[in-house]
Amino acid sequence: MNRTTLSLIAGATALAAVTGFAVLTAPDPTAADGGVATAAARLPVERSSLLCPTPSSSDLAETTYTSFTPVTKGTESEGSAELRPATAGQPTEESTKEGEEGEKGSGKDGGEEKAAESAKPEKPVLEHKQEPGKPVTAETSGGEEPALLGTAEGRFAPGWTVQQTTEVAAGTGRGLQGVTCTAPDTEFWFPGASTATERTDYVHLTNPDDSAAVVDIEVYGKDGVLETEVGEGITVRPHSSEPVLLSTLTDEEQTDVTVHVVVRSGRVGAAVQALDNSLGGDWLAASADPAGSLVLPGIPKDATAVRLVVFTPGNVDADLKVQLASPSGPITPAGNETVHVKGGMTTAVDLGDVTRGEAGSLVLTPTDRSVPVVAAVRVLRGKGDNQESAFVPAAREVGLRATSVDNTAKGSTLAVTAPEGAAKVKVTVSAGSEGGTPATETYTIKAGTTQNIEVPVPDDIEGTYALTVEPESDDAPVYASRTLTAPDDGVPAFTVQTLPDDRGMVAVPQAKEDLSVLQK
């Protein structure tokens, strides 16, 4: 092997450790060159990036940010995490029309000046410099708070998780709105958005980088793609956030649509804020990537109405079996045993009170051939004028480890499902944000079931705490979500976040032989 090959491996390994987004595949030991590496080792990432969208435009909004990093072996002894304000303003219709005003590029009509201004550092909203394993919180209020750009380094990078929780006392979208701040990416799917009159949905785009990002937004309804007026070539300036009002992209009003965000250049964080005139509102997080089988974990057991929204990219139809993984095993909803999804079209199915007072997760599998789909459910709790809405998107696996933050002893429900086989999971309650002792318990989830885990929170926990889930079974995938409730004057306010793998570890190749010898 020559030095060039060695340099490529070293460079890729360093990139993986720094960014946390790269995973290396070990070379085949039987390859012609004799192989360079054996099984990949997992090492903690050294840097993580998270983006939190603009929380609310309501003057009555009260927002809490909670930062947490689980204790990880093999990390550096130093490090920190912080959230800093992004630039750009609150949601307006004009934010989708910058191109018409000569501002859709960093090199047009003052764009360079704005880009330079956006690069100026702002005072952190939250700084996390304590020991990992204890949450840190920060609070803001009002309707002018910006999106936040987050960076964690050193011992705070592996598994860094940030929750943004907003309480809105009244008005459109009133209730509890929660979202897990996400890593930047280049593609997102949001089934379950809407352009209906009673809904006000914004697609929030946040750019963490030093150069502008260019984004396309595609909208698909029940008959296919909707014609959009300004959905192509949206420029998101460096270190800034752009909220795009979905109804300004198309004249068609549809109850259920699928939004596809594609980044032409750069990276962004994306989330949909779905606000209803009478049913409250919440954040719609991105669905898991298109796949033949999907799991939507942790539908609240007291859900009064569940609406499933499914979309398949491309022109091939999909036929899916619909099952509910209940505490006793898989159940097929009467009258909704299967769902047919036409290629390139959004399909919605009302499942009613499908959970019927028990913990449950929806499991979608192909009836015949596998066709990739994305999915989410809109969940209602309460009755009459006291109804509240939230969303559960199809989730990625818990993987090695996943964390939920901003939990309270009386307001949090952890749901774990193992649709393909029995699994053991270790659940750790962290120290509280204001003190307390962590505790760990191990639970067994039977095959095809969902369990709402009653986590024993130590009596000395003060403030909010984190829940970290670590599967101990390698052969059975595990999915999870956390429901956070905060009833207010008869309104059952709630929000649900799924728990995907925290990507705190990265695979790097192990040398099969002493590579220093080959340098000569």
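Reader: Which residues form one aromatic cluster, and what makes two rings a pair?

Author: Trp189, Tyr220 and Phe311 form that cluster. Rings of Phe, Tyr and Trp (its six-membered ring) pair if their centres lie within 6.5 Å; planes under 30 degrees apart are stacked, over 60 edge-to-face, and the rest tilted. This is a predicted model, where local features need pLDDT of at least 70 and side-chain atom pairs 80 or more, while totals for chains, interfaces and linings use all residues. Residues are numbered from 1 along each chain as its sequence is written, and side-chain values use heavy atoms, without hydrogens or water. The whole structure holds three aromatic pairs.

Reader: What makes Phe188 and Phe190 a stacked pair?

Author: Their ring centres are 6.3 Å apart, and a pair needs centres within 6.5 Å. Their planes stand at 15°, and stacked means under 30 degrees. So the pair is stacked.

Reader: Are Phe188 and Phe190 buried or exposed, and how do you know?

Author: Both are buried. Buried means under 20% relative accessible area, exposed over 50%, and partly exposed in between (1.4 Å probe, protein chains only). Phe188 has 8%. Phe190 has 0%.

Reader: How do you know that the charged end of Arg381 sits over the ring of Phe494?

Author: The distance to the ring centre is 5.0 Å. The rule asks for NZ of Lys or CZ of Arg within 6 Å of the ring centre and within 35 degrees of the ring normal. The charged end of Arg381 counts as sitting over the ring of Phe494.

Reader: Why are E28 and E31 called edge strands in their sheet?

Author: Start with the order, E28-E33-E30-E31, in an open sheet of four strands with antiparallel pairing. Strand E28 (402-407) and strand E31 (439-445) each have a single partner strand, so one side of each is left without a neighbour in the sheet. Neighbouring strands of this sheet are turned by 20° against each other on average, direction ignored. (Axes are lines fitted to C-alpha atoms, for helices over the stretch in contact; angles run from 0 to 180 degrees between N-to-C directions.)

Reader: How do you know that E30 and E31 pair?

Author: Count the bridges. Two strands pair if DSSP finds at least two bridges between them. Strand E30 (residues 423-429) and E31 have seven, in the antiparallel sense. Thr428 stands opposite Thr440 in E31. At the other pairing, E28 meets strand E33 (residues 465-471) over four antiparallel bridges. There, Thr403 has Thr468 in E33 as its bridge partner. Strands and helices are DSSP runs numbered from the N terminus (strands E, at least two residues; helices H or I, at least four).

Reader: What makes E28 mostly covered?

Author: Six of its six residues are buried. Asp406 is found in E28. Asp406 is buried, with a relative accessible area of 8%.

Reader: Why is a space called a cavity and not a pocket?

Author: The test is whether a probe can get out. On a 1 Å grid over the protein atoms alone, a cavity is a set of points where a 1.4 Å probe fits but cannot get out; a pocket is an open set with protein on both sides within 12 Å along at least five of seven lines. Lining residues have an atom within 4 Å of a point. Grid points are joined across faces, edges and corners, and a volume is the space filled by probe spheres set on the points. The structure holds two cavities of 30 Å³ or more. The largest cavity has about 70 Å³ of space. Its lining includes Cys52, His204 and Ala270. E17 gives the most to that lining, with three residues.

Reader: What is the volume of the largest pocket, and which residues lie nearest its centre?

Author: The volume is about 980 Å³. The lining has 49 residues, and Cys181, Thr182, Ala183, Arg396 and Pro500 lie nearest the centre. E2 gives the largest share of this lining, four residues.
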